Amino acid sequence: ADHVDLAIVDINIPTFDGITVVEKINELRKIPCIIVTAYCDDDLIARANRAGVYGYLQKPIDRYDLISAIGVASERFKEFSRLQMETDKAIKALEDRKLVDRAKGILMDRFGLKEADAMRALQKKARDNNLKLAEAAKGIIIAERML
């Protein structure tokens, strides 16, 4: 299938163990994975945690255990994905802010501007060229490197 929402993986799979399969899945695409096993072993649990599993079920498993584990894993994964998106957005905003500050510094040094005037000049460049502020800042930084 092209789109898999969740994987339930037995630890005993021919040629691989289930934890290795989870690691391979997560390399390709992050999805919630639940490990199913007959073993309760601290080392296996630690490996499963490092592999990024969202559930660890010990056999025998009844219907309620499975339904509950799927529900919890799905919700935890949604929360993880939301937090990852927020983190990525915050990192991007910080990177953009650094570019803007660097470009302002270049404008201040090159043209003897005060910070507020450098910011206005940067905003004008962005507006005039229909660019985001960070893109305009990158242009100034690149131009400075070429001089």
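Q: How many disulfides are there?
A: A disulfide is a pair of cysteine sulfur atoms within 2.5 Å. By this rule the count is 0. Cys 33 is in no disulfide, and the nearest cysteine sulfur, that of Cys 40, is 20 Å away. This is a predicted model, in which local features need pLDDT of at least 70, side-chain atom pairs count only at pLDDT 80 or more, and totals for chains, interfaces and linings use all residues. Residues are numbered from 1 along each chain as its sequence is written, and side-chain values use heavy atoms, with hydrogens and water left out.

Q: Is Cys 33 buried or exposed?
A: Buried means under 20% relative accessible area, exposed over 50%, and partly exposed in between (1.4 Å probe, protein chains only). Cys 33 has 0% and is buried, whereas Cys 40 has 56% and is exposed.

Q: How many salt bridges does a search of the whole structure find?
A: Side chains of opposite charge can pair when their charged atoms come close. The rule asks for a side-chain nitrogen of Lys or Arg within 4 Å of a carboxyl oxygen of Asp or Glu. The search finds 12 salt bridges. One of them joins Arg 82 and Glu 79, at 2.6 Å from N to O.

Q: Where do Arg 82 and Glu 79 lie?
A: Helices (H or I, at least four residues) are DSSP runs, numbered from the N terminus. Both residues are in helix H3 (residues 63-111), 3 residues apart, so about one helical turn separates them. Arg 82 is partly exposed at 37%, and Glu 79 is partly exposed at 35%.

Terms used: Helices (H or I, at least four residues) and strands (E, at least two) are DSSP runs, numbered from the N terminus.
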